[in-house]
Amino acid sequence: MNIYISDDALKWFKKEMDIQKGEYVRFFARYGGSSPVQQGFSLGVTKEEPIDMAVKYEHEGTTFFIEERDVWYFDGHDLHVIVDDKRNELLYEYKKENSLS
């Protein structure tokens, strides 16, 4: 699996979460909410150091990652992070690995 982050999402992280060069951003499975890939769970995001990094995406010195213990949540999907311009919030799209669509 892979993480893809749009340019607008990178700007969002810098502005809204004050992400700096050398910091880490973790995507994790959390109980509750809704998701198209796991019923009863949703995706969380936080700034923290990795323990057992399974997947990462690096941009300008910032590392976005998923821990090994959270890989199950994605069920073979890549994570695409974009921004809803009208609401100024992150949107998560899940696309099957190696999918052309």
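Reader: Start with E58. Buried, exposed or partly exposed?
Author: E58 is partly exposed, at 48% relative accessible area. The cut-offs are under 20% for buried and over 50% for exposed, with partly exposed in between (1.4 Å probe, protein chains only).

Reader: What am I looking at, and what are the ground rules?
Author: This is a predicted model, so local features need pLDDT of at least 70 and side-chain atom pairs pLDDT 80 or more, while totals for chains, interfaces and linings use all residues. Residues are numbered from 1 along each chain as its sequence is written, and side-chain values use heavy atoms, leaving out hydrogens and water.

Reader: Which side chain does E58 meet in a salt bridge?
Author: K56, at 2.9 Å from N to O. A salt bridge here puts a side-chain nitrogen of Lys or Arg within 4 Å of a carboxyl oxygen of Asp or Glu.

Reader: How many salt bridges does the structure hold?
Author: Seven. One of them joins E60 to K14, with the closest N and O atoms 2.8 Å apart.

Reader: Where do E60 and K14 sit in the chain?
Author: E60 is in the loop between strand 4 (53-59) and strand 5, K14 is in helix 1, and 46 residues separate them. Helices (H or I, at least four residues) and strands (E, at least two) are DSSP runs, numbered from the N terminus.

Reader: Which accessibility class does each get?
Author: E60 is exposed at 54%. K14 is partly exposed at 39%.

Reader: And R26, what is its salt bridge partner?
Author: E48, at 3.0 Å, N to O. The pair links distant parts of the chain: R26 is in strand 2, E48 in the loop between strand 3 (41-47) and strand 4, 22 residues apart. R26 is buried, with 8% relative accessible area. E48 is partly exposed at 28%. Shared partners put R26, E48 and D70 in one salt-bridge network.

Reader: Switching topic. How many aromatic pairs turn up?
Author: A search of the whole structure gives 13. In one, F27 and F64, the ring centres are 6.5 Å apart and the planes at 25°, so that pair is stacked. Rings of Phe, Tyr and Trp (its six-membered ring) pair with centres within 6.5 Å; planes under 30 degrees apart count as stacked, over 60 as edge-to-face, the rest as tilted.

Reader: Where do F27 and F64 come from?
Author: F27 comes from strand 2 (residues 24-31) and F64 from strand 5 (residues 62-67), 37 residues apart. F27 is buried, at 0%. F64 is buried too, at 2%.

Reader: What about Y57 and F64?
Author: They form a tilted pair, 6.3 Å centre to centre and 50° between the planes. Y57 is partly exposed, at 22%. Ring pairs tie W12, F13, F27, Y57, F64 and Y92 into a cluster.

Reader: In which sense do strands 1 and 6 pair?
Author: Parallel, over three bridges, with strand 6 spanning residues 77-84. I3 has L79 in strand 6 as its bridge partner.

How values were computed. Pairing = 2+ DSSP bridges.
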